[in-house]
Amino acid sequence: MKVSVIGTGYVGLVTGTCLAEVGNDVLCLDVDVNKINILKQGGIPIYEPGLEDMVKRNVAAGRLRFTTDVAESAKHGAIQFIAVGTPPDEDGSADLQYVVAAARAIGQNMQEYKVIVDKSTVPVGTADKVRAAVQEELSKRGTQLEFSIASNPEFLKEGAAVEDFMRPDRIVLGAEDARAVELMRSLYAPFNRNHDRLIVMDIKSAELTKYAANAMLATRISFMNELALLAEKMGADIENVRHGIGSDPRIGYHFLYAGCGYGGSCFPKDVQAMQRTAKEYGSELRILNAVEVANERQKEVLLDKITARFGTDLSGKNIAIWGLAFKPNTDDMRDAPSRVLIKGLWERGATVTAYDPVAMHEATRIFGNDPRLKLVDTPMAALEGADALAIVTEWQVFRAPDFVALKAQLKNPVIFDGRNLYDPKDVRAAGIEYFAIGRL
Ligand SMILES: NC(=O)c1ccc[n+]([C@@H]2O[C@H](COP(=O)([O-])OP(=O)(O)OC[C@H]3O[C@@H](n4cnc5c(N)ncnc54)[C@H](O)[C@@H]3O)[C@@H](O)[C@H]2O)c1
């Protein structure tokens with residue numbers, strides 16, 4: 001099948017590449033010339049496990065191509081995926097300008113029937129806006145062409161995106177006509193061989209499903225984070241509590257980890273956007289308001305622990321940070337808790353030496369060459385002469401350090417663990433002060 005993917009970011013590149021992998025003829029479009037040049041030269045602009053090899057394989061097989069030519073992309077795919085960004089507007093609502101621009105470009109250039117599929121995370125009602133934009137452009141051309149609109153929200157997790165796409169838990173499809181459903185069903189057939197994962201519903205429910213999923217996950221995190229702060233005050237251990245409640249199948253173990261807050265390109269903006277949409281409909285999502293407030297608070301927790309230990313004036317102190325990405329296996333630092341910690345440390349006069357397995361180029365892009373941030377090549381190098389270590393991302397490589405060597409490197413043997421990676425007994429037995437989140 002011929003497929004066009006508009007927007008070649010995390011979602012678009014993974015979608016396009018995985019669809020090419022199963023034999024489709026895929027053209028990925030982006031307005032970012034730089035990104036397309038990197039891809040055309042055989043590189044990839046993001047870090048995502050397994051993706052680079054898959055891109056190379058499919059480019060070599062002639063099934064995957066990249067372009068900045070809007071007209072070429074609009075003509076190519078019988079299915080046109082819109083996978084552009086939907087960043088927060090000033091008031092927190094989703095900014096739909098890129099989605100609408102993509103829709104207009106299709107309307108301006110299409111020559112035959114298309115299924116236009118929204119894969120970006122968009123508020124309920126966006127499909128109507130996409131339809132109106134395409135129709136308006138067709139009318140301007142004085143052309144009558146049939147097209148279908150569908151919503152196919154993406155549930156991939158950065159860091160496991162290829163696996164998630166190739167072996168999805170579910171494929172949600174919002175559609176309103178049989179022709180679109182049939183085309184989408186055949187497109188997804190290779191991912192459905194074991195059992196049917198396609199859940200077909202009306203478009204608005206599909207749009208809402210994506211926000212509901214992210215809102216529920218963010219809620220679990222904020223709930224555990226608040227409970228962890230309470231556990232600390234009470235002298236209870238949140239890890240014991242997690243085990244105790246996770247064993248209930250109605251609750252389950254997933255997404256119950258206390259930490260230093262959620263970040264990334266999705267949860268923060270989707271929680272906000274959902275609140276905005278609810279307000280537009282005269283509803284208030286009180287639980288989600290609290291989820292957001294709790295998360296903003298939680299991103300300060302490591303800094304609070306550091307200042308409680310060293311005082312509010314951190315001038316002359318150097319803090320080592322392990323982990324900059326908002327979660328492991330990605331270089332994405334959008335809304336990452338590490339950014340809040342680094343800024344907070346700077347404001348109090350400290351400098352930072354940091355290590356992350358893949359996000360250091362992203363850190364350079366964000367912070368420039370600020371002399372208050374030194375990036376080093378190994379976790380141990382970050383500790384050299386540092387006053388303490390703060391752990392912000394739960395990369396595997398941080399899970400079993402040599403505590404003796406670690407202690408020897410630090411000026412003060414203190415760890416502030418924002419991801420609860422260690423057994424407090426082990427760390428303390430090594431003669432290291434240990435401050436985790438909600439642990440005894
Ligand atoms: N990143 C994730 O983990 C994830 C998961 C599920 C859903 N989503 C959603 O998917 C959407 C895309 O997210 P992302 O992380 O891939 O974003 P991204 O910022 O990585 O990529 C978006 C791309 O779209 C391009 N673009 C913007 N306007 C364009 C246009 N008119 N034509 C062609 N290209 C255009 C941008 O240049 C950019 O490369 C968002 O709505 C997001 O909420 C993201």
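In what order do the eight strands of the open sheet stand? The order is β3-β2-β1-β4-β5-β6-β7-β8, and the pairing is mixed. The model described here is predicted. The points below cover this sheet, the helices beside it, the residues around the ligand, and the positions that UniProt annotates.

**Sheet**

- The edges of the sheet are β3 (64-67) and β8 (198-201); each has a single partner strand, so one side of each lacks a neighbour in the sheet.
- From one strand to the next, the twist averages 25°.
- Strands β6 (residues 147-151) and β7 (residues 171-175) run antiparallel and are joined by two bridges.
- Ala-150 has Ala-175 of β7 opposite it.

**Helices**

- Helix α9 (residues 203-234) lies across β6, β7 and β8, and runs at about 145° to β7.
- The axes of α5 and helix α6 (residues 126-141) cross at roughly 35° and come within 7 Å.
- The crossing of α5 past α6 is right-handed.
- On the α5 side, the contact is made by Val-99, Val-100, Ala-103, Arg-104, Ile-106, Gly-107 and Gln-108.
- On the α6 side, the contact residues are Thr-126, Lys-129, Val-130, Ala-133, Val-134, Glu-136, Glu-137 and Leu-138.
- By type, the residues of this contact between α5 and α6 are eight nonpolar, three polar and four charged.

**Surroundings of the ligand**

- The ligand has 26 residues around it, and those that come nearest are Gly-7, Gly-9, Val-11, Ser-120 and Thr-121.
- Two or more residues of the shell come from each of α1 (10-21) and α5 (97-109).
- The shell is made up of twelve nonpolar, nine polar and five charged residues.

**UniProt annotations**

- An unreviewed UniProt entry lists Asp-30, Lys-35, Thr-86, Thr-121, Glu-158, Lys-269 and Arg-334 under "binding site".
- These positions span 305 residues in sequence, and the farthest two C-alpha atoms are 23.4 Å apart, so the positions do not all gather at one spot.
- Among them, Asp-30 sits in the loop between β2 (25-29) and α2 (33-40).
- Thr-121 is listed by UniProt under "binding site" and is also one of the residues that come nearest to the ligand.
- UniProt (unreviewed entry) places the domain "UDP-glucose/GDP-mannose dehydrogenase C-terminal" at residues 320-424.
- Over residues 320-424, the chain is 30% helix and 18% strand, with the end C-alpha atoms 19 Å apart.

Conventions
Residues numbered from 1 in each chain as written. Predicted model: local features only at pLDDT ≥ 70, side-chain atom pairs only at ≥ 80, totals over all residues. UniProt positions renumbered as here; feature names shortened; annotations may be inferred. Helix = DSSP H or I, 4+ residues; strand = E, 2+ residues; numbered from the N terminus. Near = placed C-beta within 6 Å. Nonpolar A, V, L, I, M, F, W, Y, C, P; charged D, E, K, R; others polar. Pairing = 2+ DSSP bridges. Axes fitted to C-alpha atoms, helices over the stretch in contact; angles between N-to-C directions. Contact = placed C-beta atoms within 7 Å. Left-handed = near helix turned anticlockwise from the far one by under 90°.
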